[in-house]
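Okay, thanks everyone for coming. Could you bring up the sequence and the structure, please?

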Amino acid sequence: MTVTPLGIPRRLLEFTIDGEPVRAPEGSTILDACRAAGKDVPTLCQGDTLTPKNACRLCVVEVEGSRTLVPACSRAAEPGMEVRTGTERARHSRKIVLELLASSVDLSTTPAVAEWIKEYEAKPDRFGPGAARVNEEPRVDNDLYVRDYDKCILCYKCVDACGDQWQNSFAISVAGRGFDARIAVEHDAPLTDSACVYCGNCVEVCPTGALSFRSEFDRRAAGTWDESAQTRTTTVCAYCGVGCNLTLHVQDNEIVKVTSPHDNPVTHGNLCIKGRFGYQHVQNRG
């Protein structure tokens with residue numbers, strides 16, 4: 001028999017989204033309520049295991065009485081609130097954000113962005129070939145994961161996952177100011193000389209592929225990465241007795257990467273170096 005934990009009951013709030021009455025538990029954000037109501041509100045910097053950072057500004061919506069557009073990922077739902085997700089003002093703002101991001105960084109491995117650019121009729125090339133870009137070569141300085149800052153949108157999710165929200169290693173921070181701002185480790189040194197413990201939790205939350213498994217990076221470079229051909233199997237990590245859940249991504253009968261379910265009460269999507277990267281022995285068939 002499956003037992004569902006009830007938890008502490010929360011008061012339901014009543015408000016409207018696009019003129020339709022909705023009810024959401026107290027403490028929900030507008031984005032939570034939109035998703036529960038089946039409203040498609042795009043977002044890049046929001047992570048279901050992290051505190052919202054309001055960095056990408058792609059999820060902005062209009063709220064009656066608010067002078068400015070508000071980020072749906074962090075604005076708490078309130079009783080009587082009137083939310084409009086698809087107004088001309090909100091759509092125009094999302095279009096501009098997509099144009100600015102796509103003109104300055106490589107979004108080719110960012111899920112759903114191509115569809116959003118088409119939906120909002122964004123034209124990143126309107127800034128011309130002279131638009132400033134990051135244009136930085138991928139940093140391949142270890143065997144586990146790759147840092148490709150040409151794809152980084154400065155969403156700060158990796159900083160939070162490495163910092164006080166999960167790992168508490170504080171190996172990742174932001175260096176520079178303005179357009180020169182970038183994600184870096186201490187003194188912008190090689191990853192192998194930093195405080196990184198290679199848990200890969202930063203890779204888990206990265207929305208654009210700026211951080212990726214070395215196995216994925218190599219397969220993409222070789223043109224053999226194919227998510228449609230991959231199977232996913234969730235199992236329990238055997239390295240210790242904590243009971244972390246692992247999701248094995250398998251392609252061509254080989255494990256190509258390991259993730260963890262975000263709704264698992266043990267891991268919440270987080271793993272250690274052994275759980276996330278210690279699978280090579282499984283494929284040693286010699």
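This is a predicted model: local features need pLDDT of at least 70, side-chain atom pairs count only at pLDDT 80 or more; totals for chains, interfaces and linings use all residues.

If you zoom in on β10 and β11, you'll find six bridges joining them. One detail to click on: T233 has L248 in β11 as its bridge partner.

Now my lysine, K157, which sits in helix α4. K157 is buried, but it has no salt bridge. How far away is the nearest side chain of opposite charge? That's D48, at 7.0 Å, and a salt bridge needs the nitrogen and oxygen within 4 Å. What you do see around the K157 side chain is backbone oxygens: the one of Q46 lies 3.2 Å from a polar atom of that side chain, and the one of V205 lies 3.1 Å from a polar atom of it. Leaving out residues up to four places away in sequence, K157 also touches others, including L44, L50 and P207.

On to the charged pairs. Side chains of opposite charge can pair when their charged atoms come close. How many salt bridges does a search of the whole structure find? It finds 21.

Take E26 and R11, with their closest N and O atoms 3.2 Å apart. E26 is in the loop between β2 and α1, while R11 is in the segment before β1, so the pair ties together parts 15 residues apart in sequence. E26 itself is partly exposed, at 38% relative accessible area.

Then look at R126 and E99, which meet in a salt bridge at 2.7 Å, N to O. This pair links distant parts of the chain, 27 residues apart: R126 in the loop between α3 and β6, and E99 in helix α2. Is E99 buried or exposed? Buried, with a relative accessible area of 1%.

Last one: E216, R220, E227 and K257 are linked in a network of salt bridges. That's me done, thanks!

Definitions and conventions
Residues are numbered from 1 along each chain as its sequence is written. Side-chain values use heavy atoms; hydrogens and water are left out. Two strands pair if DSSP finds at least two bridges between them. Helices (H or I, at least four residues) and strands (E, at least two) are DSSP runs, numbered from the N terminus. Buried means under 20% relative accessible area, exposed over 50%, partly exposed in between (1.4 Å probe, protein chains only). Lys and Arg count as positive and Asp and Glu as negative; His and the chain ends are not counted. A polar contact is a pair of N or O atoms within 3.5 Å; within protein, one must be able to donate a hydrogen and the other to accept it, and residues adjacent in sequence count only if both atoms are side-chain atoms. Contact means heavy atoms within 4.5 Å.
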